[in-house]
Amino acid sequence: MAAIVLHAKGKSMESGWQLGLNIIVHKVKLSEILQIAKSTHSLTDYSNALEKCILFFEGQRSGRLPSNQRLAWRGNSGLSDGSGYHVDLVGGYYDAGDNVKFGLPMAFTTTLLAWSVIEFGNSMRNQLDNAKAAVRWGTDYLLKAATATPGTLYVQVGDPNMDHHCWERPEDMDTPRNVYKVSSQNPGSDVAAETAAALAAASIVFKDSDPAYSAKLLHTAMKVFDFADRYRGSYSDSLNSVVCPFYCSYSGYQDELLWGASWLHRASGNSAYLAYIQSNGQTLGANEDDYSFSWDDKRAGTKVLLSQGFLENSIQEFHLYKSHSDNYFCSLVPGSPSFQAQYTPGGLFYKGSESNLQYVTTSTFLLLTYAKYLSTNKGVTQCGSSTLTADKLVAIAKKQVDYILGDNPEKISYMVGFGPRYPQHVHHRGSSVPSVHAHPAHIGCNDGFQYLHSSSPDPNVLFGAIVGGPDNRDNFADNRDNYQQSEPATYINAPFVGALAFFSAE
């Protein structure tokens, strides 16, 4: 059993790319990536997908559910989280198909949800309040984690090794709810700086609608960032097997420090953060080109975020980041001198065999965000002798969005509940086990495995969940045991919220 459910969410995703293991690459032309096939999706479809994409986060909620909870098959869970340590850590999100609250991916999810609202909230129309509620569910928890004990950041609830030995719905879980933290003695600059980024980004989201809450978020973000910067070290070193191999900080903590400072600069306008970026940028990865953006590696996202300061606000100190952003986008374009990306025969961006769609949704979000920044001053991206306009970046992104929503060789939507055909066997405990409403009796740790291995469709539809996705040949096995392809995650959905908002308004 352990071999099936004890899986590394980080290591295998990164290593296959870095080491160039046996991955069959489809050689594509720019025309294939830019081609907008006769899309079967209307503006209404994108709006429908956006609604479901946000709804998914209600299925991942931990804590006491509100009266307006729409995914009604879920119930309260984790109501005593933190109590054994005399802190209140109730709330937050389960990261994927298990019942652990991992701080690093949760904070990244919250940052990306907030960024989606910041850039594309004006296109969300009747979904804006739901998107902001999804952000707030994350930040309410992160505020608790950051302020419960002075000089401490709580970064995880639940023992992942014990949790992964069980298959039980969150409402029933009886595995140890251990609490893990970082401190000055056991630092975690990566998770702390990402938490600061999330709080700072969210402060922008709530600046007009809830100024007091926004101010609290920003004030806490500043304190958490100072803690991250003052006591440097990786949380992987401090917590070891509790976070590894699940969410090891493979990229180190430097990228999160620059990312966190960048968000604090944007949220506060405080010149101290501009000075920090100028003084520390080189040692924190400003000149390093990386060709993915994920819960682990923030370098590409930071470059795009800071390029906004140059493109929209003419902050000359950030021109460097515009140049490196260009390098990132040129890496996605076949025929470019710096072309790095791999694509499946069906045209999907492909980076790794485990949860590949996380890289597709983050890159798609960056494409659209950068296109927005470029369009403010009719800027372009120069890839050797080729010129990439904002419209071309949008076209590349649209191909990826449409693929996820069903325009692919398998003719399947990789968003649960969207379209005529979608995954029915999602690697997700709450979705696969009968709900507490349908089956009130306790379903124990080992009793749940019959549902993991069942060929029956999920009894509870996890609307909006985007699963890991197909392999490098566009093949997909709709099988709960195949977690690499069938497990959803909050950080897959978060950037897709922004992408869908963009296309719902185009």
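Disulfides in a predicted model

Tutor: Counted along the chain, the bonded cysteines pair in the pattern 1-6, 2-3, 4-5. The model is predicted, so to speak of local features requires pLDDT of at least 70, and side-chain atom pairs count only at pLDDT 80 or more, while totals for chains, interfaces and linings use all residues. Residues are numbered from 1 along each chain as its sequence is written, and side-chain values use heavy atoms, with hydrogens and water left out.

Student: What is a disulfide, and how many does the count come to?

Tutor: A disulfide is a covalent bond between the sulfur atoms of two cysteines. Here it is taken as a pair of cysteine sulfur atoms within 2.5 Å. By this rule there are three disulfides.

Student: Which parts of the chain does the pair Cys166 and Cys445 link?

Tutor: The sulfur atoms of Cys166 and Cys445 are 2.0 Å apart, and the link is left-handed, with -90° about the S-S bond. The pair links distant parts of the chain, 279 residues apart: Cys166 is in the loop between α7 (160-163) and β3 (179-183), Cys445 in the loop between α17 (429-432) and α18 (449-452). Helices (H or I, at least four residues) and strands (E, at least two) are DSSP runs, numbered from the N terminus.

Student: Is the link of Cys244 and Cys248 left-handed or right-handed?

Tutor: Right-handed, with 120° about the S-S bond of Cys244 and Cys248; the S to S distance is 1.8 Å. Both cysteines, Cys244 and Cys248, are buried (under 20% relative accessible area; exposed is over 50%, partly exposed in between, with a 1.4 Å probe and protein chains only).
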